[in-house]
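This report looks at a disulfide, a nonpolar core and a few backbone features. The structure under discussion is shown below.

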Amino acid sequence: QVQLVESGGGLVQAGGSLRLSCAASGRGFTINAMKWYRQAPGEQRELVAAITRGGSTNYADAVKGRFTISRDNAKNTMYLQMNSLKAEDTAVYYCNAQAMVQPTLIFVDYWGQGTQVTVSS
């Protein structure tokens with residue numbers, strides 16, 4: 001019903017930057033909060049950043065001051081600007097959105113397939 005597609009991942013040297021995008025598509029849906037998660041090899045999935053529909057944000061301590069989450073509600077798209085990347089940022093980054101699909105009145109979670117970010121040191 002709602003598809004999330006991440007893009008913008010790739011290979012970058014430590015200290016470099018990447019900008020991830022997450023585009024939501026479908027019909028008759030309303031998105032509330034959106035979040036970026038990541039999962040490194042052998043690690044649990046962790047929350048990186050979150051943003052409400054109104055633009056309030058929260059960040060994991062590990063990325064504060066380096067990453068910026070934003071969204072364009074008209075385009076149903078969320079972004080993650082990643083600066084000063086470190087080797088520890090290497091992970092698959094996943095988009096998550098809380099969305100309600102007509103005719104239901106319930107918000108549920110949707111996930112993208114993920115995009116690989118690899119930071120070399």
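A disulfide is taken here as a pair of cysteine sulfur atoms within 2.5 Å. The model is predicted, and by this rule the count comes to 1 disulfide. The pair consists of C22 and C95, whose sulfur atoms lie 1.9 Å apart, so this pair falls within the 2.5 Å limit. The link of C22 and C95 is left-handed, with -75° about the S-S bond. It links distant parts of the chain, since C22 belongs to strand β3 and C95 to strand β9, 73 residues apart. C22 is buried, with a relative accessible area of 0%, and C95 likewise counts as buried at 0% relative accessibility.

The largest nonpolar core comes next. This core holds 30 residues, of which W36, L80, M82 and Y93 touch the most other members. At least two residues of the core are supplied by each of β1 (2–7), β3 (18–26), β4 (29–39), β5 (46–51), β7, β8, β9 and β11 (115–120). The strand that gives the most to this core is β9, with 6 residues. In soluble globular proteins, nonpolar side chains tend to be buried together.

What does Y93 touch, when residues up to four places away in sequence are not counted? The contacts of Y93 include W36, L80 and M82, which are named together with Y93 as the core residues that touch the most other members. Also among the residues that Y93 touches are E6, L20, Y37, R38, V48, F67, G114, T115 and V117.

Some backbone features in loops remain to be described. A cis peptide bond joins Q102 and P103, with omega of about 5°, and P103 is found in the loop between β9 (91–101) and β10 (107–111).

| Residue | Phi | Loop | Relative accessible area |
|---|---|---|---|
| N76 | about 50° | between β7 (67–72) and β8 (77–82) | 25% |

Partly exposed covers the range between the buried limit of under 20% and the exposed limit of over 50%, so N76, with a relative accessible area of 25%, is partly exposed.

Methods
Residues are numbered from 1 along each chain as its sequence is written. This is a predicted model: local features need pLDDT of at least 70, side-chain atom pairs count only at pLDDT 80 or more; totals for chains, interfaces and linings use all residues. Side-chain values use heavy atoms; hydrogens and water are left out. Helices (H or I, at least four residues) and strands (E, at least two) are DSSP runs, numbered from the N terminus. Buried means under 20% relative accessible area, exposed over 50%, partly exposed in between (1.4 Å probe, protein chains only). A nonpolar core is a set of buried Ala, Val, Leu, Ile, Met, Phe, Trp, Tyr and Cys residues joined through side-chain atoms within 4.5 Å. Contact means heavy atoms within 4.5 Å.
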